[in-house]
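Me: Please take a close look at one part of this model for me, and then carry on to whatever else can be said with care. I would like one connected answer.

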Amino acid sequence: MIKEIKVSTSARSQFIDITEQVSRELSSSGIKEGVCMVYIPHTTAAVTINENADPSVMEDVKNYLDKQVPWSDSAYGHAEGNSAAHIKSSMLGSAAEIIVSGGKLKLGTWQGIYFCEFDGPRSRRVWIKLIQD
Ligand code: ZN
């Protein structure tokens, strides 16, 4: 069974902490031990796990990516005009796997799961696959 959560973004580049939503899906599944896969079915978005204690960390990641992969560049050929978003999507990746233990996501103390928007604002989907062991 695949669960789906919806995310609304409000900026071209934006990182949204989805840890609570993913945890809720895990809780409602009743699964205690296994693996949680978070999958992003979009080509201009991504998922990453990083610090959710100091908000400036994800702000720095976002700003650094924007600096390294500018929105406009003479090297881009993609007619839609959003090559930067596709490149950043591939850099961060479409999936994250989290161990499930004791009915909870086994994340490190400072870790959170982030939906990464690179071509917003948009309505986005996140797929969650829970595998029981
Ligand atoms: Zn495109």
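Reply: Pro121 sits in the loop that runs between strand S7 (111-117) and strand S8 (123-132), where strands are DSSP runs of E with at least two residues, numbered from the N terminus. A cis peptide bond, with omega at about -5°, links this proline to Gly120, whereas most peptide bonds are trans. The model is predicted, so local features need pLDDT of at least 70 and side-chain atom pairs pLDDT 80 or more, while totals for chains, interfaces and linings use all residues. Residues are numbered from 1 along each chain as its sequence is written, and side-chain values use heavy atoms, leaving out hydrogens and water.

Turning to the metal, the zinc ion is coordinated at 1.9 to 2.2 Å by His78 (NE2), Glu80 (OE), Asn82 (OD1) and His86 (NE2); donors here are N, O and S atoms within 2.8 Å of the metal (3.2 Å for Na, K and Ca), and sites may look incomplete because water is not among the atoms. Along the chain, the zinc donors follow the spacing H-x1-E-x1-N-x3-H. Of these residues, Asn82 is buried at 3% relative accessible area, while His86 is partly exposed at 24%, given that buried means under 20%, exposed over 50% and partly exposed in between (1.4 Å probe, protein chains only).

As for cysteines, the whole structure holds zero disulfides, a disulfide being a pair of cysteine sulfur atoms within 2.5 Å. For Cys36, the nearest cysteine sulfur, that of Cys116, is 15 Å away. Cys36 is buried, with a relative accessible area of 0%, and Cys116 is also buried, at 0%.

Conventions
Helix = DSSP H or I, 4+ residues; strand = E, 2+ residues; numbered from the N terminus.
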